[in-house]
Amino acid sequence: MRMSIEQVEEKIPWLSNVILSIVLGAVGVAWLHFLPGPNLYNFYNLGVVLCSTAITSAPFILLLLCWPLSRLSFVKKRINPATLMMVYTVGLASSWLLEWSAVYNIYGRVIGSRWMYPEYSIKYIAPFIAPPEPIAKQLLTGGLPVPWGEWVPSIIFWWIYQVVWSLFMVSLATLFRRLWIDVENIPFPYAQVAYGIISETGLLGSKTKKWIRPFTIGMILGLVYQIPVFLTTVFPWFPDVYGWKTLCGGGEWYVRTDTPFAAIVGLGAFNEHPVYFAVGYLIPSGVLFSIWAWHLIYLIAVQVAYYMGYYTALPTMGGCGRAWCTPSPQYAPPFKFMTLSFAGGVLGLALIHLILNRKYLAETFKAAFGFSKAVLRDVEANEPMSYRNIYLLFFASIILVISLLMTMGISIYPAIILVITAFIGYIANCRVYGLTGMHILGDDFGHFLIRLLVWPQPPSPLTREWGLSVYIASLGLGRPNETILGCQAYTASASYRMASLMGVSNKTAFKSMLIPMIIVPLVTIITWIQLMYSYGANAFVVSARAFQWSPLSEDVGYIRPDWAYSKPGTDPLWPHIIVGMLITASLYYLHARFLWFPLEPIGFIFGTSFISVLWGAWFPFLIAWILKTLTLRIGGSKAYENYGFPTASGFIAGYMLAVLVLGVLAIIRFFVPY
């Protein structure tokens with residue numbers, strides 16, 4: 001049912017929004033760089049803090065900091081729903097730019113190619129994208145004044161690049177806002193956790209007087225659990241209480257060839273990170289079941305293929321190699337699962353959603369360009385702006401993105417395909433993020449439309465537009481917070497969900513998120529350059545590694561032709577993509593048509609792709625499904641709402657508190673070794 005009463009727009013604390021965006025952008029980049037060692041900068045930053053998920057620490061940390069600050073009388077009287085909404089949106093919009101992959105791939109690696117691969121850098125990178133080699137190389141040493149005049153073109157380019165993509169993603173999410181939030185009521189679990197922090201800490205006067213309650217218990221457990229993990233990472237002599245030294249930093253235990261698990265040739269990893277279990281508990285039970293059930297199907301299928309003579313090298317490989325190395329079932333025949341479930345699944349989820357909701361799109365379009373004012377008032381009552389303005393922003397941002405890509409050296413047809421890639425990819429990913437808090441992560445496999453529709457084979461000789469198109473699409477869809485900045489669509493969607501939970505108008509949410517999306521990219525670039533000139537990249541593990549792994553070379557990395565054209569599978573791609581789309585469509589129909597049918601499309605994608613095979617998410621999701629099923633069977637939905645959900649969300653809040661406290665201790669270690 002549509003709401004016909006228009007929401008009242010709150011007064012936005014503009015100055016606070018601007019100041020917080022500037023401070024968070026500068027502090028976040030510095031915070032990241034002063035964290036020593038990969039297991040610290042990967043997991044104690046203000047951005048993504050758990051591999052393969054879309055969970056970021058900044059929005060939770062900022063809300064947790066509001067808790068003690070609210071005890072101050074001059075702060076307390078300024079805390080209201082609009083202020084907390086602003087804090088959340090600034091934290092979420094900023095967080096995607098405050099973790100390691102932003103440094104690696106948005107500008108770090110591109111600039112590093114100037115001295116690592118000067119021949120290829122000149123060929124692929126225009127002068128305004130990165131400064132000349134002598135200037136770029138100054139980033140390594142430090143102790144120099146910044147020649148800002150030389151850096152201005154690159155700063156302006158990367159600033160505009162990030163803002164333009166962000167506007168496109170926000171317009172996409174805003175166009176579908178009413179469908180996703182008001183009609184489908186997609187939960188967006190991290191927004192619910194953030195709202196739980198606000199409620200449980202009494203920031204809006206809703207705190208219960210009981211100190212011992214599920215949220216508090218979960219928070220204590222989340223904080224206490226992480227302390228031994230941190231101490232084990234920092235001090236080699238500290239007892240390895242959880243056996244963490246046998247795991248990858250994200251909690252993955254990779255199958256070793258000297259264990260009985262090696263005989264299960266498709267099995268790659270078990271993930272043991274406790275946050276995965278908490279996140280899993282927040283995911284709908286049907287999705288959880290489908291993920292681990294589809295991974296079981298994957299293991300059986302790969303085992304059968306092995307006995308038929310395929311993938312014969314897998315028993316000699318460790319778990320990581322079973323995902324990455326030849327002949328991996330992820331991209332080698334007969335299955336090519338990344339083609340089947342990643343590429344086919346992305347296309348299937350997006351196209352089915354568009355087809356099923358064609359009436360919604362037609363309604364919004366008519367509301368923008370055809371209906372009477374009376375109908376407009378009813379349809380647009382809760383939107384952040386009129387549908388006419390939403391569509392104008394959407395089409396204008398597309399024109400801006402295409403224009404930007406063309407200035408980089410990409411002609412109009414590949415540029416349009418890149419926009420289509422982003423559009424399709426983030427319709428699918430926004431829905432997945434809204435249900436699971438994760439995304440369809442391909443780990444650099446996102447350029448399949450470029451392969452299919454533009455260059456079935458690499459051009460000869462290789463061209464700038466080919467290299468840049470492959471690079472942008474691979475990272476932009478394969479890792480959503482990188483070159484296409486698709487995660488800003490998550491920011492918009494989750495912010496609208498948060499607005500509905502808090503009773504704040506969507507206009508307030510929209511305006512609050514735009515400020516950090518415009519300010520933070522500029523602040524992060526300037527801060528990063530200043531840090532490099534002050535200390536030198538070699539003083540920071542994160543930037544030193546970024547410069548070591550420059551991808552813009554025809555000999556190594558993303559634009560090496562044989563590498564690019566083995567992802568997301570070897571030729572031909574079309575048959576597997578079509579089959580993947582048909583499987584996704586069939587699961588979508590069967591799951592909606594028959595309530596008893598247990599398998600659904602997100603489980604198919606997650607259970608057979610890198611999420612489960614490389615990162616081992618299937619295991620904590622299996623345990624979470626068992627725990628959630630027991631909760632619902634024994635105590636019903638009331639037990640889940642009153643005890644299960646608060647405990648899981650409290651655990652996540654406690655983990656974020658650990659990121660804050662232990663991150664500060666790690667930064668102190670950079671300056672004062674201990």
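## Cavities and confidence

Helix α9 contributes four residues to the lining of the second largest cavity, the most of any element. Helices are DSSP runs of H or I with at least four residues, numbered from the N terminus. The model is predicted: local features need pLDDT of at least 70, side-chain atom pairs count only at pLDDT 80 or more, and totals for chains, interfaces and linings use all residues. Residues are numbered from 1 along each chain as its sequence is written, and side-chain values use heavy atoms, without hydrogens and water.

Two cavities of 30 Å³ or more are present. A cavity is a set of points on a 1 Å grid over the protein atoms alone where a 1.4 Å probe fits but cannot get out; lining residues have an atom within 4 Å of a point. Volume is the space filled by probe spheres set on the points, which are joined across faces, edges and corners.

| Cavity | Volume |
|---|---|
| Largest | about 80 Å³ |

Of the 13 residues lining the largest cavity, Val110, Trp158, Met408, Tyr471 and Ile472 lie nearest its centre. Helices α6 (100–116), α9 and α22 (464–478) each give two or more residues to this lining.

The second largest cavity is lined by Tyr107, Ile111, Trp151, Ser154, Ile155, Trp158, Ile525 and Ile529.

The chain averages a pLDDT (the predictor's confidence in each residue, from 0 to 100) of 91. Mean confidence is highest in α9 (residues 148–175), at 97, and lowest in α18 (residues 373–379), at 61.

Terms used
1 Å grid on protein atoms, 1.4 Å probe; cavity = no way out; pocket = protein on both sides within 12 Å on 5 of 7 lines; lining within 4 Å.
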